[in-house]
Amino acid sequence: MNPQRAAWLFLAPALLVLGVFFLLPVIAALVLSLTDYDLYALANIHNLRFVALQNYWALLQRPLFWSALGHTVYFVAVGVPLSMGASLGAALLLNSPLAKCKPFFRTALFAPVVTTVVATAVIWRYLFNTKYGWMNYALNALGIHPVDWLGDPHWAMPTIILFAVWKNFGYNMIIFLAGLQAIPLDLYEAARIDGASSWRQFRHITWPMLGPTLLMVGILTVSGYFQLFAEPYVMTEGGPLQSTTSVLYLMYDEGFKWWNLGSASAVAFLLFIIMFAVTVLMLKLSRRGEHPDGAPA
Amino acid sequence: MNPRLAKALINGLLIGATMVALFPLLWMLSVSFMPPGGASALPPPLLPKHATMSNYRELFVHAGMSRYLLNSLLVSSAITVLSLAFNLMAGYAFAKLRFAGRERLFQALIGALVIPAQVAMLPLFLLLKYIGLVNSYAGVIVPGMATVFGIFLVRQYARGIPDELLEAARIDGAGEWRIFMQIVMPLLKPIMVTLAIFSFLAAWNDFMWPLIVLTGQEHYTLPIGLASLAREHAQDSELMMAGAVVTVLPVLLLFLAMQRYYLEGLLLGSVKG
């Protein structure tokens, strides 16, 4: 058999699946977002009309879209730094030569990552129960009044953020740990001989050496957090007072509750554009942040 | 800092973090054995006074949990086997077979990773409705039969296979398919295990797509079944904790048994992604 043909035969099944069930739908989503595809069009395709950018225009004028975007940005802006901070902190602890039983701690800290979001979200709903939850019980012991965690519009999103940090920090912890282990030990040795404190060693060796890893992890985590959906679906159903309705939650409701598939596709595309813009921005900012001489001040 | 103090501090922090990570899971296990209403007390009980299996009995006899468990096993296994086969073939082709446009096609695939999967979900639903796969196992399985991540992982690994080995087989007159089955596959075994665990866990935990495509209870996977139970039985914390145990335990045990492969794959997939 000719090797060219063999290669294409090997590729065919995967490319077919990705083409038909991913690429084609993505293109179709773009087209769909320019139509008024709704329940009537679902019943009879002849009711479908081309509306150009009207879905996008209508969305940009809907307060619900802006509030959903606001909640999502809140989740990303607070959740990502907290998550990455927790991951880096745990990785630094695990990487310390003074730490004991490292494999045990590593496995235990990673365990929440492999659990099912829906199941653990259910657990958190009860841990943060106003009356019988452990969280309020512990706060009460410290003399703090009970908080209606998931029932108060001010506290619902912070509770979901805490949940997301707990669930996800182990993933990046493993990546950071590998990054830390790749830093040559003699750098620290030299710094210690020069009398640099632990903080200065972190600031001038660990942090810059970890730079590329931090950027990659940051971009991946931001993209992941923009796709907030299952947590509010299970913990709050988007409430209270729609305070945890995310962009994807809006897309799901718009598309599969009200069957406004045209408008829902526009929501999906707007989310994609925003995520793409944020990724590009992060890459640009990181490039500007690099010192041309590379020497720490 | 005094090294003994530093040692105590670091290990103390690790113990504290581990307790935070594990407490919700251990508490879930404990509450699942409490009788109905047993967890609604102050102070919140840590252990059941009289352990009972009644929540599990209720789940499996009346709430259809056995059906959800079987559905999850079926769907996740099918996705794992099929995507493993397709990703292995494609990843190997990208790594070791020469064809026109190879690098550009691969770059395009990697580029497609920036598109969130949810963008495709609305038209995908219409497409599957058109071909009659909505509310069927196939509806959940079919879009998961190949992944860019899997192809990438296999390609990274397969690049390490020496070309001389393949050339020698070709000179001996072996066909491309035989080379793949008899020489390449055995060499790819470690990455096969890694990818299989990854695919299985991802399929098991997947929520949004099955929620969309499965419209009837008879096909629900565990996460969908559990979410729907949680809406019906919001007050029955003990029952819900038992449901969470059934959902989480299989993947947690799988991870514990195979964690070396899983963590290796995680790192391999994240270098230069």
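Where does A:L241 lie in chain A? I looked this up first in the predicted model. A:L241 lies in the loop between α12 and α13 of chain A.

I recorded the backbone of A:L241 and found phi near 55 degrees, a positive value in a residue other than glycine. Most residues other than glycine have a negative phi, and most peptide bonds are trans. I then checked the surroundings: A:L241 has 11 C-beta neighbours inside 10 Å and therefore counts as exposed, the limit for that class being 12 or fewer. A:P240 is placed in the loop between α12 (230-235) and α13 (247-257) of chain A. The peptide bond that leads from A:G239 into A:P240 is cis, and I noted its omega as near -15 degrees.

**Entry: other backbone exceptions**

I turned to A:A52, which is not a glycine and yet has a positive phi of about 55 degrees. A:A52 sits in the loop between α2 (39-43) and α3 (54-60) of chain A. Is A:A52 buried or exposed? With 9 other C-beta atoms within 10 Å, A:A52 is exposed.

B:P43 belongs to the loop between α1 and α2 (54-61) of chain B.

**Entry: confidence in chain A**

I looked up the pLDDT of chain A and noted an average of 92, with 97% of the residues scoring at least 70. Among the elements of chain A, the highest mean pLDDT, 97, belongs to helix α4 (residues 63-95), and the lowest, 85, to α2(A). For residues 292-297 of chain A, pLDDT stays under 50. I found that the model has two contacts beyond four places in sequence for that stretch.

**Entry: the nonpolar core**

I looked up the largest nonpolar core and recorded 157 residues. The residues with the most contacts inside this core are A:V118, A:V122, B:A90 and B:A244. Helix α8 (residues 156-181) of chain A supplies the largest share of the core, 14 residues.

Neighbours within four places in sequence being left aside, B:A244 is in contact with A:A119, A:V122 and A:I123 of chain A, and with B:M28 and B:L226 of chain B.

**Entry: B:G225**

I located B:G225 in helix α12 of chain B. B:G225 has 27 C-beta neighbours inside 10 Å and so counts as buried, for which 20 or more are needed. Which residues is B:G225 in contact with, apart from its neighbours within four places in sequence? I listed B:G64, B:M65, B:Y68 and B:Y220. I also compared B:G225 with B:P24: the two are 201 residues apart in sequence, and their C-alpha atoms are 21 Å apart in space.

**Entry: annotated spans**

In an unreviewed entry, UniProt places "domain: ABC transmembrane type-1" at residues 69-258 of chain B. I found residues 69-258 of chain B to be 76% helix and 0% strand, with the end C-alpha atoms 21 Å apart.

UniProt (unreviewed entry) also lists "transmembrane region" spans in chain B, among them residues 68-94 and 137-158. Residues 68-94 of chain B are 100% helix and 0% strand, and their end C-alpha atoms are 38 Å apart.

For chain A, the "transmembrane region" spans from UniProt (unreviewed entry) include residues 73-95 and 209-230. I recorded 100% helix and 0% strand over residues 73-95 of chain A, with the end C-alpha atoms 32 Å apart. Residues 209-230 of chain A are 82% helix and 0% strand, and there the end C-alpha atoms are 35 Å apart.

Note on methods:
Residues are numbered from 1 along each chain as its sequence is written. Chains are lettered from A and ligands numbered from 1 in the order in which they are written. This is a predicted model: local features need pLDDT of at least 70, side-chain atom pairs count only at pLDDT 80 or more; totals for chains, interfaces and linings use all residues. UniProt positions are given in the numbering used here, feature names are shortened, and annotations may be inferred rather than shown by experiment. Helices (H or I, at least four residues) and strands (E, at least two) are DSSP runs, numbered from the N terminus. Two residues are in contact if their C-beta atoms, placed from the backbone, lie within 7 Å. pLDDT is the predictor's confidence in each residue, from 0 to 100. A nonpolar core is a set of buried Ala, Val, Leu, Ile, Met, Phe, Trp, Tyr and Cys residues joined through C-beta atoms within 7 Å.
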